[in-house]
Amino acid sequence: MKNDVIALENIYVEYDGQLALCDVNLEIYEGEILGICGPNGSGKTTLLKTMTGLIKPSQGRIRLFGKPFSKEMLNWIGYMPQLRKHDTGFPATVRDVVMMGRYAKLGLFKRPTSTDNQIVDEVLEETHLIEIQKKPIGKLSGGQFQRVMLAHALAKQPKVLLLDEPTSALDFRMTTSFMELLEELNRKYRMTIVAVHHDLQLLKDHATRIVCLDKAVEWIGSPNDANLDEILLRVFFYRTPH
Ligand SMILES: Nc1ncnc2c1ncn2[C@@H]1O[C@H](COP(=O)(O)OP(=O)(O)O)[C@@H](O)[C@H]1O
Ligand SMILES: [Mg+2]
């Protein structure tokens, strides 16, 4: 039996009366690396935001760790949003940003305890940021900044990690090492990983299951499925206009 950590049932999301997600059904299993792809505007970011409670569906049910959706359970879900350019202007050091990842658990005005500091040390070590922890985030390279955003999400010690195009600003070498880091987290902690990727080859190389989204789940299956290329072609190039 596979345990599902997140289950979406008949989910609909709309913005100003326009449907962004339409009858999405999806179960995410403990310990898997689920890759999500789909054309621009197909609802990928909306789907992740719905799983993190940032967007409320107009219809449907969400279960987290086998229980009805609750804020408490969201504590076990880490989220790395899609990169926006202005994010790097925030005046804080690498360590500050990672510590902010603890605030969900700390409460905004509590002081970090020695446990918080220890967890942040471990996360900085794991993401290879310990040497640059005092650097202002405005001075980082693209690869370093993405690792800081990952470390921010990891500081919560999540059981599930949701990532929205985490490697979109990275070159080939940095992308490979970022993906290896995710695989290590998956292996070491059995962390469930759900990642939206633009690069289809990355999905084939690193995901254990692939979802093609176009407002609804168009297809879900193994990266080794013999029909995958044909399916991707259909979803990306022959999509019916909405
Ligand atoms: N905050 C918002 N307000 C209104 N429309 C939105 C908002 N966010 C997304 N949309 C629309 O919803 C659709 C899905 O967007 P999104 O989830 O960002 O897709 P993707 O991440 O696949 O590119 C798009 O048509 C987009 O324009
Ligand atoms: Mg998006």
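Guide: One term before we start: two strands count as paired if DSSP finds at least two bridges between them. Also keep in mind that this is a predicted model.

Visitor: Okay. In what order do the strands of the open sheet run?
Guide: The order is S6-S7-S8-S3-S9-S10, which makes an open sheet of 6 strands with mixed pairing.

Visitor: Which strands stand at the edges?
Guide: Those are S6 and strand S10 (216-221). Each has a single partner strand, so one side of each is left without a neighbour in the sheet.

Visitor: And how much are neighbouring strands turned against each other?
Guide: On average by 15°, with direction ignored.

Visitor: What holds strands in a sheet together, in general?
Guide: Strands pair through backbone hydrogen bonds, either parallel or antiparallel.

Visitor: Which residues stand opposite Gly35?
Guide: In S8 the residue opposite Gly35 is Ala195. In S9, Gly35 has Ile210 opposite.

Visitor: Is S3 mostly covered or mostly open?
Guide: Mostly covered: 5 of its 5 residues are buried. Ile33, Gly35 and Cys37 point one way from the strand, while Leu34 and Ile36 point the other way.

Visitor: Switching topic. How many cavities of 30 Å³ or more does a search of the whole structure find?
Guide: The search finds 1. About 70 Å³ of space lies in the largest cavity.

Visitor: Which elements give two or more residues to its lining?
Guide: Strand S3 (33-37), helix H7 (172-189), strand S8 (192-196) and helix H8 (200-206) do. Among the lining residues are Ile33, Gly35 and Ala195, along with Met179, Leu182 and Glu183. The lining also includes His197, Leu202, Leu203 and His206.

Visitor: What does that lining look like by class?
Guide: It has 8 nonpolar, 3 polar and 1 charged residues.

Visitor: Where do the two sit along the chain?
Guide: Thr45 is in helix H1 (residues 44-51), and Gln82 is in the loop between strand S6 (77-80) and helix H3 (94-100). The pair is 37 residues apart and links distant parts of the chain.

Visitor: Where is Asn10, and what is its phi?
Guide: Asn10 is in strand S1 (residues 4-15). Its phi is positive, about 50°, although Asn10 is not a glycine. Asn10 counts as partly exposed, at 38% relative accessibility.

Visitor: How about Asp23?
Guide: Asp23 has a positive phi too, near 60°, and is a residue other than glycine. You'll find Asp23 in strand S2 (residues 18-29), and it is partly exposed, with a relative accessible area of 33%.

Visitor: Last stop: where does Tyr238 lie, and is it buried or exposed?
Guide: Tyr238 lies in the segment after helix H9 (228-237). At 60% relative accessibility, Tyr238 counts as exposed, because the cut-off for exposed is over 50%.

Visitor: What separates Tyr238 from Thr45?
Guide: Their C-alpha atoms are separated by 21 Å, and the two residues are 193 residues apart along the chain.

How values were computed. Residues are numbered from 1 along each chain as its sequence is written. Chains are lettered from A and ligands numbered from 1 in the order in which they are written. This is a predicted model: local features need pLDDT of at least 70, side-chain atom pairs count only at pLDDT 80 or more; totals for chains, interfaces and linings use all residues. Side-chain values use heavy atoms; hydrogens and water are left out. Helices (H or I, at least four residues) and strands (E, at least two) are DSSP runs, numbered from the N terminus. Buried means under 20% relative accessible area, exposed over 50%, partly exposed in between (1.4 Å probe, protein chains only). On a 1 Å grid over the protein atoms alone, a cavity is a set of points where a 1.4 Å probe fits but cannot get out, and a pocket is an open set with protein on both sides within 12 Å along at least five of seven lines; lining residues have an atom within 4 Å of a point. Grid points are joined across faces, edges and corners, and a volume is the space filled by probe spheres set on the points. Ala, Val, Leu, Ile, Met, Phe, Trp, Tyr, Cys and Pro count as nonpolar, Asp, Glu, Lys and Arg as charged, and the others, Gly among them, as polar. Axes are lines fitted to C-alpha atoms, for helices over the stretch in contact, and angles run from 0 to 180 degrees between N-to-C directions.
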